[in-house]
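Dear colleague,

Please find below the structure that I am handing over to you. My notes on what was found in it follow directly after.

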Amino acid sequence: MSPVDVTQDQLQQKVICPGVVKCLVASPDGLHIVVGIAESLYVWETTSGGLLEVLCRHYQNILCLSFADDGGHFVSGGQDNLAIVWSLAGVLRNGEPKHVWNQHTLPVTDVCCGVGGVKARVATASLDQTAKLWELGSGLLLFSVVLGMPVTAVALDPAEYWLFCGTSTGTISVVPLHTAKREQIVQIDAEEKNCLQIHKAEVTCMAVTMDGGTLVSGSADGTVCLWDIDSGQCIHTIPHKGPVNALLLVSRLQGVLVNAEARPSLPLPRFSRQPRTAEAGGGTDFFIAPEEQPPPGYLDHLKNWTTVVHDAIRKGDGISEEMQRENMTAELTQLRKINSALYHFSAKELKKLL
């Protein structure tokens, strides 16, 4: 990673929220943003700026969020000791969660989704001194580890070979998953290889590089440490002026590194503050309110009209079989022309990108 000297922050948009933002996460494809405010989750669509849904399933403040690598699910954890799995499609359909995990006895401080889409595993950390590993699709509890002190951050390497657990004392425990038992108690010893200790305050966030060789940890003591996972040694420390609350590892952005004045080609639209079904003048809204019903007699009229059409097709409705064949041949020829035009257009645009 190379530092970028940006003399002035580029603020694209400022969104006034109804409360203090406790956590925020964007989907891997960048199409959706989920924000935790108090005990509610706000789901925005970045392409239109529309507020798709407000989810109220937690009973206390939401503390952490994490998206699955395919963007189809996200997990939230809160002070109510719950970790909740949400399907993005299910949220837009009925607003109900997919799984509710209530095995923690104290607030859930961090969640981390592994790779594999719906087959991924999810790690949760809690102040009850445990970290747990779950299966995203089935919701089954796979593994639980007791560390003897509150767990404040958790991370998985891309191969899911190691589970990293940051604690309130600043130590990071490295738990091997390939030899893990269903219930395991880990004794933290500063002299052992499975304990990384350099932070002087609680570990607030962690992430692992894509090659699985480096762990990055942030702490309330204002430092970010880079750890070599194989040797367990701290290879670099980055000081900050205040507590480190979050960190994110991203790919090298060539456009930003070459030109610090670069701006996004597609600026974000203005984010709405009300759900799309409640906005006035929603002529472009393609969502239908759940309470909206078709006009009286509409379904009977549609059924009768469908029956008439089917009868006309079956009987021919006075149209000869030869004429029907000619009409279908003409329509097929037109569709082939359209398909050929789309193919040549796509090939031409792809050549521009190469």
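**A histidine in strand 6**

His73 lies in strand 6, which covers residues 73–78. Please bear in mind throughout that this is a predicted model. His73 has a relative accessible area of 8% and is therefore buried, since buried means under 20%. Its side chain makes a polar contact of 3.2 Å with the side chain of Lys98. Leaving out residues up to four places away in sequence, His73 touches Phe67, Ala68, Val85, Trp86, Ser87, Lys98, Val118 and Leu136.

**Nonpolar cores**

The largest nonpolar core has 16 residues, and the members that touch the most others are Val34, Leu41, Val43, Leu55, Leu65, Phe74 and Trp86. At least two residues of this core come from each of strand 1 (21–26), strand 3 (40–45), strand 4 (51–55), strand 5 (62–67), strand 7 (83–87) and helix 1 (88–93). Strand 5 gives the most, with three residues. Another core lies apart from this one; it has 15 residues, including Cys112, Ala123, Val151 and Val154.

When its neighbours within four places in sequence are set aside, Val43 is in contact with Ile33, Val34, Gly50, Leu51, Leu52, Glu53, Leu55, Phe74, Leu88 and Val91.

Strand 10 and strand 11 run antiparallel and are joined by five bridges. Val122 stands opposite Trp134 of strand 11. The two strands form a hairpin with three residues between them, and Gln129 in the turn has a positive phi of about 75°.

Strand 11 also pairs with strand 12 (residues 141–146), again in the antiparallel sense and over five bridges. Here Trp134 stands opposite Leu141 in strand 12. This second hairpin has five residues between the strands, and Gly139 takes a positive phi near 80°. How much of strand 11 (residues 130–135) is covered? Five of its six residues are buried, so that the strand is mostly covered.

**The salt bridge**

How many salt bridges are there? The count comes to one. Side chains of opposite charge can pair when their charged atoms come close. In this case Arg121 forms the salt bridge with Glu160, and the closest N and O atoms are 2.8 Å apart. The pair links distant parts of the chain, 39 residues apart: Arg121 belongs to strand 10 (residues 121–126), while Glu160 sits in the loop between strand 13 (151–156) and strand 14 (162–167).

Are the two partners buried or partly exposed? Arg121 is partly exposed, because its relative accessible area of 26% falls between the limits of 20% and 50%. Glu160 counts as buried, because its relative accessibility is 11%, which is under 20%.

Four strands form an open sheet in the order 18-19-20-21, with antiparallel pairing. Strand 18 (203–208) and strand 21 (233–239) are the edge strands, and each pairs on one side only. From one strand to the next, the twist averages 20°. Within this sheet, strand 19 (residues 214–219) and strand 20 (residues 223–228) pair over five bridges in the antiparallel sense. Gly218 stands opposite Val224 in strand 20.

With kind regards

Key
Residues numbered from 1 in each chain as written. Predicted model: local features only at pLDDT ≥ 70, side-chain atom pairs only at ≥ 80, totals over all residues. Heavy atoms only, no water. Core = buried A, V, L, I, M, F, W, Y, C linked by side-chain atoms within 4.5 Å. Buried < 20%, exposed > 50% of the residue type's maximum accessible area, 1.4 Å probe, protein only. Contact = heavy atoms within 4.5 Å. Pairing = 2+ DSSP bridges. Axes fitted to C-alpha atoms, helices over the stretch in contact; angles between N-to-C directions. Polar contact = N/O pair within 3.5 Å; in protein donor to acceptor, adjacent residues only side chain to side chain. Salt bridge = Lys/Arg side-chain N within 4 Å of Asp/Glu carboxyl O.
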